Amino acid sequence: MSRGEQSMVPEPEFESYYGKPILKQPTWKTPDVPLYLFLGGLAGASSLLAEGAALTGRADLERVARVAAAGGAAAGTVALVHDLGRPARFLNMLRVFKPTSPLSVGSYILAPFSAFAGAAAAALVSGRLPRLGRLSGLGAAALGPPLATYTAALVANTAVPAWHEAHRELPFVFAGSGAAAAGGLAMVLVPVAQSGPAFRMALSGAALEVGASELMTHRLGMVAEPYEQGRSGGLMKAARWASVAGAALSVVGRRSRVLRAAAGAAYVAGSVTLRFGVFEAGLASARDPKYVVVPQKERLAQKAAARTG
């Protein structure tokens, strides 16, 4: 086909019928999935915090972090199974391992992590089988970072614009959010004398979360609107202010048990609110056809400019 003939071929149109949604909205339920996203981050980061506490002899911090890792994994599994409808569906995901499927990979991360974290917490609380508990703690710590971040790949591996277009930054947003939640929870429950690592994890996690979120919204352009407007935008703003408040309180009240606990609570609140904000932003972008149509037209225009250039 000659260049002249090519110019006669009309460009494809990406219009929706009477403005109706182009994409089918995800069938994931609220609050099951947002809670699952939050609890996975909390559990994964807590396993790392627990291992650090074990290596530095902080018994109170280790106990809280071990129980948080095991409890978060268990509660997250319950939320996931509830969203799926019946336990058999979760078990079916373990029958076949698909490296190209984030859900399959995530299932193979969650299942052994839950076993390791549960064994480590049980051994520590009961005082029995300490060697098995330490080995299990190491296993949970190794799987902690993947557990805290694979959910970002899970939501980004969809056609939902606000999730898919944010695939570069979401893992960092979720990693920071999980670290802030784990450190914040420990700051609430652990004496000031032993909560130094939790303070540092929460502060650095909040900084990563806020920084990556800001970078994400600046890069996405128009697709970032659901993160800044409406119900989802309100949740994201509340999450950002909670994280900032947690950081300010933790620095100002570094030696105060009450202020450190208040800072920890703010970190946890910011983390859970952020997961609901990200989830709602995805649903909002799937409902509005412009977040599908406009980026596609822009990509076509860029391809056309590259051909003519």
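A crossing is right-handed if the near helix is turned clockwise from the far one by less than a right angle. The views below come from a predicted model.

**View 1**
Along the sequence, the pattern reads α-α-α-α-α-α-α-α-α-α-α-α-α. The chain has 309 residues, and 46% of them count as buried. Among contacts with a separation of 6 or more, 76% join residues 24 or more positions apart. The exposed surface comes to about 15000 Å². Carbon and sulfur atoms supply 64% of that area.

**View 2. Helices α2 and α8 cross at an angle of about 65 degrees.**
Helix α2 spans residues 32-56, and helix α8 spans residues 170-189. Their axes are 7 Å apart. The angle makes α2 roughly perpendicular to α8, because the range for that term is 65 to 115 degrees. The crossing of this pair is right-handed. From α2, the contact is made by Leu37, Phe38, Gly41, Leu42, Ala45, Ser46 and Leu49. From α8 come Phe174, Gly178, Ala179, Ala181, Ala182, Gly183, Leu185 and Ala186.

**View 3. The largest nonpolar core has 41 residues.**
Phe113, Leu170, Phe174, Tyr227 and Val278 have the most contacts inside this core. Phe174 also belongs to the α8 side of the contact with α2. Setting aside neighbours within four places in sequence, Phe174 touches Leu37, Ala148, Thr151, Ala152, Leu274, Arg275 and Val278. One of these partners, Leu37, is on the α2 side of the helix pair. A second, separate core has 25 residues. Ala65, Ala198, Ala206 and Ala247 are included in that second core.

**View 4. Helices α9 and α11 pack at an angle of about 145 degrees.**
Helix α9 covers residues 196-220, and helix α11 covers residues 230-252. The two axes lie 10 Å apart. The crossing of α9 with α11 is left-handed. On the α9 side, the residues are Phe199, Leu203, Ala206, Glu209, Val210 and Glu214. They meet Ala239, Arg240, Ser243, Ala247, Ser250 and Val251 of α11.

**View 5. Val210 is found in helix α9.**
Beyond its neighbours within four places in sequence, Val210 is in contact with Arg240 and Ser243. Val210 and Gly176 are 34 residues apart in sequence. Their C-alpha atoms are 8.1 Å apart in space.

**View 6. Helices α11 and α12 pack at an angle of about 160 degrees.**
The axes of this pair are 7 Å apart. The angle makes α11 roughly antiparallel to α12, because that term applies to angles over 145 degrees. The crossing is left-handed.

**View 7. Phe276 lies in helix α12, residues 257-287.**
The relative accessibility of Phe276 is 18%, so Phe276 counts as buried. The cut-off for that term is under 20%. Beyond its neighbours within four places in sequence, Phe276 is in contact with Thr30, Pro31, Pro34, Leu35 and Leu235. Phe276 and Met236 are 40 residues apart along the chain. The C-alpha atoms of Phe276 and Met236 are separated by 8.3 Å.

How values were computed: Residues numbered from 1 in each chain as written. Predicted model: local features only at pLDDT ≥ 70, side-chain atom pairs only at ≥ 80, totals over all residues. Heavy atoms only, no water. Helix = DSSP H or I, 4+ residues; strand = E, 2+ residues; numbered from the N terminus. Buried < 20%, exposed > 50% of the residue type's maximum accessible area, 1.4 Å probe, protein only. Contact = heavy atoms within 4.5 Å. Areas by Shrake-Rupley, 256 points an atom, 1.4 Å probe, with all protein chains shown as cover. Core = buried A, V, L, I, M, F, W, Y, C linked by side-chain atoms within 4.5 Å. Axes fitted to C-alpha atoms, helices over the stretch in contact; angles between N-to-C directions. Parallel < 35°, antiparallel > 145°, perpendicular 65-115°, else oblique.
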